[in-house]
Each structure stands twice: as structure tokens, then as C-alpha cells.
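Hi everyone, thanks for coming along.

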Amino acid sequence: MTTETVEYIRYRIPADRSAEFLSAYTHASALLAAAPQCVDYELARCEEDFEHYVLRITWTSTEDHMEGFRESELFPDFLAEIRPYVENIEEMRHYKPTTVRGRGASVPTLYAWAGGAEAFARLTTVFYEKVLADDLLAPVFAGLAPEHAEHVALWLAEVFGGPSAYSETQGGHGHMVAKHMGRGITEPQRRRWVNLIQDAADEAGLPTDAEFRSAFLAYVEWGTRLAVYFSGPDAKPPADQPMPRWNWGAAPPYQG
């Protein structure tokens, strides 16, 4: 489980001090942003009672916060900004995330946006037709099992937010890594793989909007570079790792 910890600080700030409080945290937030121990942060104001604020800070660990950030050169300036409001703190505690987490449906997954299982099945069908006809990649996939394209479709579907069918039937991330060990994939082969799957995405009718394709290509680049690494002569199998789960990244889906 992740070592990250979430610190919640609850403030009660009189209305006549709210502007100066927000100004102080605007300045203090620059120091949080510069701290390598800080993952992210957010200051929220209560809608029902404007005097109540909650500051949420995700730290890389409780120790990193207490012994890293608080003993760093950033902390004195941070404390100087917020010191006038320490007396207004009603709670300041660290919380460890649980496994109960997820996303709602307000932003669709990449899997749903692409068109679901049928879209990824079309993609891999077209893609492996191209692969087997390609002079650079065909030798890598010699003796391809008939179900290979189907398994890759399940993998991509799960990575992009779909059902966990690959993990449940094939063994998850470790199984996929093992498929690449010792294969000696070259950089030109990786580049060709990337190009062909983009062509296949066009032919299979996957969405062409900039937001989807940038996220799609980001995963393809990341995944193929890992494949090259794990196929090398000195690669060692990684420890147990969860399936990668890709999301929209910098640009959410455009919905005009």
C-alpha cells in the first residue's frame, strides 16, 4: 500500500480575517509547491458556514512531512505566513488512505470514451494484421498465439479504465512484463510499434480528439519503453506491482 499520507487542517477564521487568511495561504502555497515532500494540496471553504476552511495536503509520508519538510529551509517561511492563524486551528491530523477509492462518472474513463471493449477489440485486430505484415516487427511476433490480440485488447481496456479482465484471467502486470523478458526489442522496433498502433487506431475508428489521442499516445510511449527495458539482457523482473491505470492527464475530455 502507498506510504502517502493526507494531512487535514481545519480552521475557523472570522469573516473579517478571511481575505488576509486567503492571501497568507496564497503565499504559503508557493512553498508547498516547492517542497519535494508535498504531493498536492487544496484549501476549501465551507459553503454552509464561510468561517470554516479545510486544508488538505498529501505528503509522500508522515515522516517526510514531520522530519523532511518541517526541518527544511522552506518551513520557516511557510510558518511565518500561517503563524497568525495557528490559534484558529480546530484539527490537524494525518490520515492514511484506504482501499475504498474511485472515480465518479462525471468524467468518462478513456475506456468508455474510446467505445468500450468493442473498440479495443477492433484496434488490436487491425494492429496485429499490420504487425504480421511488417518486415521489422513480424520476426518479433513469429508464432503469435491466436488469442494474443484478444489478450492485448483486454490489457489495453483495463489500463484505460475498463474491467479488470486481464488481471483476472492472465495474471496482471507481472504476467505482461514476463512476456517481454529476453526478447531484445530494439528502439527501431519500438518506434514502428508506436506508429502502427496509431495507424490502427485511425482505421479502427477510435476517437481522434486531441485530448484522447494525447493520453493514448502517452501510454503507448510509456508502455513500449518499459517493454524495451524489460526485454534487455540485464533486466530483472519487477516486484509485484498493480496494473497501470491511465487517465486523461493534463487535458480532460473536451465536451463543447
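Predicted model: local features only at pLDDT ≥ 70, side-chain atom pairs only at ≥ 80, totals over all residues.

Now try the words out on proline 14. Its relative accessibility is 30%, so proline 14 counts as partly exposed. You'll find proline 14 in the loop between strand S1 (5–12) and helix H1 (18–34). Between its C-alpha atom and that of phenylalanine 75, which is 61 residues away along the chain, the separation is 25 Å.

Let's step back to the whole protein. There are 10 helices and 4 strands, and from the N terminus the order goes β-α-β-β-α-α-β-α-α-α-α-α-α-α. The radius of gyration is 24 Å, while the globule rule gives 18 Å for 256 residues, so this protein is more spread out than a compact globule. Along the principal axes, the C-alpha atoms fill a box of roughly 70 × 45 × 30 Å. As for burial, 38% of the 256 residues count as buried.

Next, charges. Side chains of opposite charge can pair when their charged atoms come close. How many salt bridges does the count come to? It comes to 14.

One of them joins glutamate 87 and arginine 17, with the closest N and O atoms 4.0 Å apart. These two sit 70 residues apart: glutamate 87 is in the loop between helix H3 (75–82) and strand S4 (89–95), and arginine 17 is in the loop between S1 and H1. Is glutamate 87 buried or exposed? At 68% relative accessible area, glutamate 87 is exposed, whereas arginine 17, at 18%, is buried.

Another bridge pairs glutamate 42 with arginine 56, at 3.8 Å between the closest N and O atoms. Glutamate 42 belongs to strand S2 (residues 38–45) and arginine 56 to strand S3 (residues 52–59), so this pair ties together parts 14 residues apart in sequence.

Then look at arginine 192 and aspartate 134, whose closest N and O atoms are 2.8 Å apart. Arginine 192 is in helix H9 (residues 187–203), and aspartate 134 is in the loop between helix H5 (116–132) and helix H6 (148–159), 58 residues apart. There is also a network: Glu187, Arg190, Arg191, Glu221 and Arg225 are joined by salt bridges that share partners.

Finally, find the patch of negative charge on the surface, where Glu63, Asp64, Glu67 and Glu71 gather. Glutamate 63 is in helix H2 (residues 62–69).

Note on methods. Residues numbered from 1 in each chain as written. Heavy atoms only, no water. Patch = residues over 30% accessible without salt bridge, like charges linked within 9 Å, V, L, I, M, F, W, Y side chains within 5 Å. Areas by Shrake-Rupley, 256 points an atom, 1.4 Å probe, with all protein chains shown as cover. Salt bridge = Lys/Arg side-chain N within 4 Å of Asp/Glu carboxyl O. Lys, Arg positive; Asp, Glu negative; His and termini not counted. Charge placed at Lys NZ, Arg CZ, Asp CG, Glu CD. Rg over C-alpha atoms; globule rule 2.2 N^0.38 Å. Buried < 20%, exposed > 50% of the residue type's maximum accessible area, 1.4 Å probe, protein only.
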